[in-house]
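I opened the model and kept notes on what I looked up. The entries follow in the order I made them.

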Amino acid sequence: MQFTSEQRLDDGVLEREFTLGEIPGTLWTPGSAAPAPLILMAHNNGLPKREPRLVARARKSAAYGYAVATIDAAGCGDRPRSATDEQARADLRRAMKAGEPVDEIFESFIGPLVENAVPEWRTTLDALLSLPEIAGPVGYSGWTAVGIRLAAVEPRIAAAGFFAGGYVPHAQREEARQVTIPLLFLLQWDDEGNPRQRALDLFDAFGTKEKTLHANLGGHTGTPWFEREDGDRFFGRHLK
């Protein structure tokens, strides 16, 4: 892992850009000298790691006392996409504009994104846990499709917060039964891109005995600000 830049923010949080092979990422660590528990914060496919909403969440969580890391995994953010992925995205835009069914198109490119992204997240986790300022345990926050697979295969993930606003392929819906860690599931009740019942069915499928559903009125990007604070308290119960 090579750090390429760093800056100390007003709240004492240290923000550092890094590269790990072909993987670009950002790490935020709190001002305290004590080793901090880690939260992996994943954005939805297509968004860059510097997306303002994700950065704001990461900085607040770091100020709360966590180390927070995000990456542009394979095919995500600013990293190159295959011709197949680009065609699938074009087909998706066309189908949505025409009001046609889109589930099959989503399956064709989100499934491979998950397959490629999870190994890179695990490689990043190996590198992060070798740093003296990070002690674990580890939480995950963000994109549900990647989070389900990561929680199912990575025993170092101790708790997870999922956002229900992204398409989850059939393979990950089945894997949800293998997720047994504490879970906070955020649902926007009027999310235009994620049918409510599908999200509720997914919540029901998770195998964990400790899962909480927070549902709020509003569309895809309308998650209330207080959910960020509730999320930090959730991780505080399981990571500190």
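Before listing what packs against what, I needed a rule for touching: contact means heavy atoms within 4.5 Å. I also noted that this is a predicted model.

**Entry 1: helix 1**

I began with helix 1, which covers residues 52-63. This helix has 12 residues and reaches 16 Å from its first C-alpha to its last, close to the 16 Å expected at 1.5 Å a residue. Next I looked up burial, where the cut-off for buried is under 20% relative accessible area. In helix 1, the buried residues are Leu-54, Val-55, Arg-57, Ala-58, Ser-61 and Ala-62. They cover an arc of only 165° around the axis, which puts them on the same side of helix 1. I wrote down the general rule beside this: an α-helix has 3.6 residues a turn, so residues three or four places apart point the same way.

What do the buried residues of helix 1 pack against? I found strand 3 (23-29), strand 4 (36-42), strand 5 (67-71), strand 6 (134-143), strand 7 (157-163) and helix 7 (226-239). Just after helix 1, I noted that Gly-65 has a positive phi of about 120°.

I looked up Ala-56, which is in helix 1. Ala-56 is partly exposed, and its relative accessible area is 33%. I also checked a distance along this chain: Ala-56 and Ile-157 are 101 residues apart in sequence, and their C-alpha atoms are separated by 23 Å.

Arg-57 is also located in helix 1. Is Arg-57 buried or exposed? Arg-57 counts as buried, because its relative accessibility is 18% and the cut-off is under 20%. Leaving out residues up to four places away in sequence, I found Arg-57 touching Met-41, Ser-141, Gly-142, Phe-163 and Arg-228.

Ser-61 has its place in helix 1 too. Its relative accessible area is 4%, and Ser-61 is buried. Not counting residues up to four places away in sequence, Ser-61 touches Met-41, Tyr-66, Val-68 and Asp-232. With the side chain of Asp-232, the side chain of Ser-61 makes a polar contact at 2.8 Å.

**Entry 2: helix 7**

Helix 7 has 14 residues, and from first C-alpha to last it reaches 20 Å, close to the 20 Å expected at 1.5 Å a residue.

**Entry 3: helix 2 and helix 3**

At what angle do the axes of helix 2 (residues 83-98) and helix 3 (residues 103-128) cross? I noted roughly 145°, with the axes coming within 9 Å. The crossing of the two helices is left-handed. On the helix 2 side, Asp-85, Ala-88, Arg-89, Asp-91, Leu-92 and Ala-95 meet Ile-105, Phe-106, Ser-108, Phe-109 and Leu-113 of helix 3.

I also looked up Ala-127, which lies in helix 3. Ala-127 counts as buried at 14% relative accessibility. Apart from neighbours within four places in sequence, Ala-127 is in contact with Met-1 and Leu-20. Ala-127 and Leu-20 are 107 residues apart along the chain, and their C-alpha atoms are separated by 8.3 Å.

**Entry 4: Ala-151**

I found Ala-151 in helix 4 (residues 144-153). Ala-151 is buried, with 14% as its relative accessible area. Residues up to four places away aside, Ala-151 touches Val-179 and Ile-181.

**Entry 5: a loop residue**

Last, I looked up Asp-190, in the loop between strand 8 and helix 6 (196-205). Asp-190 counts as partly exposed at 39% relative accessibility. Not counting residues up to four places away in sequence, Asp-190 touches Arg-196, Leu-217, Gly-218 and Gly-219. A polar atom of the Asp-190 side chain lies 2.9 Å from the backbone nitrogen of Gly-218.

Notes
Residues numbered from 1 in each chain as written. Predicted model: local features only at pLDDT ≥ 70, side-chain atom pairs only at ≥ 80, totals over all residues. Heavy atoms only, no water. Helix = DSSP H or I, 4+ residues; strand = E, 2+ residues; numbered from the N terminus. Expected span 1.5 Å × (residues − 1). Buried < 20%, exposed > 50% of the residue type's maximum accessible area, 1.4 Å probe, protein only. Arc of directions from axis to C-beta. Polar contact = N/O pair within 3.5 Å; in protein donor to acceptor, adjacent residues only side chain to side chain. Axes fitted to C-alpha atoms, helices over the stretch in contact; angles between N-to-C directions. Left-handed = near helix turned anticlockwise from the far one by under 90°.
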